[in-house]
Each structure stands twice: as C-alpha cells, then as structure tokens.
Amino acid sequence: MGKAVRALTILCQQTDDDDEDEIFMFCNGQRFWPNGSDGTIEATQGGTWGIYGPIVPFPPEGNVRFSLRDDESPLGSDSLGWVDVSVDEAVGEHQADFDGGGDDGLYTLTYFVGNSDF
Ligand SMILES: [Ca+2]
Ligand SMILES: [Ca+2]
C-alpha cells in the first residue's frame, strides 16, 4: 500500500505585502486551494486557515510539492515558496515553512502523511 499526503492548515507568520496577502496554493503544479480556478484567501499575520485538501498519493519519484503564491492582479502573482514532502517522512502530522520565495512572507504548512487509506 502506498503512502499519501494531505494538506491540513496554513499559518501566516508574516505577510509578503504590507498588511494582507491574497494567497492560493498548488499541489504538484495544479492549483487546488481555495479552489481550482481563481479564488484567493485574504491572509493577515497570525491567521490560520483550513485547507483539508485532497489525499494525494506519492508519485514514484517520491515527492509531493505544495507551492504558495500571492495574487498581484493585474500584474500576475508572487511566489511565496514551496514545501516538498518526501515519501520517507513518518506517518503522522508534520509542519514545514514555505521556503524559497525570496521575499518577506513566511507561511507554515501543517500536513498529514499516512497510508493511502487514511
Ligand atoms: Ca506580494
Ligand atoms: Ca498581493
């Protein structure tokens, strides 16, 4: 039986913009939260939001990537970084900071690694 991962919540420790970001998330390059099209969440420092996304099986190469972006309409969006979850992580709940955005925002993802029937 394969393992899988599910994004649970996201915590904003620091926004990228001055007061409020408009965040949305991808899983393995596919936009899925807060919906699959053009939705965003207005994120402010200290807030936590539920994701409770799909249960995503690990691919053969073993990583699932969650990527976070901040809408900057009409000028596109900023990368706020990504979290790579490895199939080797223990079953249970984990936290990781979105890394590599190169800007000021700091967000923490809580996710669950389980067997694919969790
Ligand atoms: Ca921004
Ligand atoms: Ca923004």
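**Figure 1. Surroundings of Leu 109 in the predicted model.** In this predicted model, Leu 109 touches Ala 7, Ile 10, Phe 66, Val 83, Gln 95, Ala 96 and Phe 98, leaving aside residues up to four places away in sequence. Leu 109 is also, together with Tyr 107, one of the residues with the most contacts inside the largest nonpolar core, which has 22 residues. Two or more residues of this core come from each of β1 (3-14), β2 (21-27), β7 (63-71), β8 (77-86) and β10 (106-115).

**Figure 2. Pairing of strand β7 with β2 and β8.** Strands β2 and β7 are antiparallel and pair over 5 bridges. Within this pairing, Met 25 stands opposite Leu 68 of β7. Strand β7 is also joined to β8, again in the antiparallel sense, by 8 bridges. Here Asp 70 has Asp 78 of β8 as its bridge partner.

**Figure 3. The hairpin of β7 and β8.** Between the two strands of this hairpin lie 5 residues, and Gly 76 takes a positive phi near 85°. The loop between β7 and β8 also holds Pro 74. The peptide bond that joins Ser 73 and Pro 74 is cis, with omega about 5°.

**Figure 4. The cis peptide bond at Pro 34.** A cis peptide bond leads from Trp 33 to Pro 34, and its omega is near 5°. Pro 34 is placed in the loop between β3 (30-33) and β4 (41-43).

Figure 5. Asn 28 lies in the loop between β2 and β3. Its phi is near 50°, a positive value in a residue other than glycine. Asn 28 counts as exposed because it has 12 C-beta neighbours inside 10 Å. Tyr 52 is in the loop between β5 (48-50) and β6 (56-57). The phi of Tyr 52 is near 45°, which is likewise positive in a residue other than glycine. With 9 C-beta neighbours inside 10 Å, Tyr 52 therefore counts as exposed.

**Figure 6. Ser 86 and its contacts.** Ser 86 is part of strand β8. Its 12 C-beta neighbours inside 10 Å are the reason why Ser 86 counts as exposed. Apart from residues up to four places away in sequence, Ser 86 touches Gly 62 and Asn 63. The C-alpha atoms of Ser 86 and Ala 4 are separated by 9.8 Å, although these residues are 82 residues apart along the chain.

**Figure 7. The protein as a setting for the close-up views.** The secondary structure comprises 0 helices and 10 strands, in the sequence pattern β-β-β-β-β-β-β-β-β-β. The C-alpha atoms fill a box of roughly 45 × 25 × 25 Å along the principal axes. Of the 118 residues, 27% count as buried. Among contacts between residues at least 6 apart in sequence, 60% join residues at least 24 apart.

How values were computed:
Residues are numbered from 1 along each chain as its sequence is written. Chains are lettered from A and ligands numbered from 1 in the order in which they are written. This is a predicted model: local features need pLDDT of at least 70, side-chain atom pairs count only at pLDDT 80 or more; totals for chains, interfaces and linings use all residues. A nonpolar core is a set of buried Ala, Val, Leu, Ile, Met, Phe, Trp, Tyr and Cys residues joined through C-beta atoms within 7 Å. A residue is buried if 20 or more other C-beta atoms lie within 10 Å of its own, exposed if 12 or fewer, and partly exposed in between; C-beta atoms are placed from the backbone. Helices (H or I, at least four residues) and strands (E, at least two) are DSSP runs, numbered from the N terminus. Two residues are in contact if their C-beta atoms, placed from the backbone, lie within 7 Å. Two strands pair if DSSP finds at least two bridges between them.
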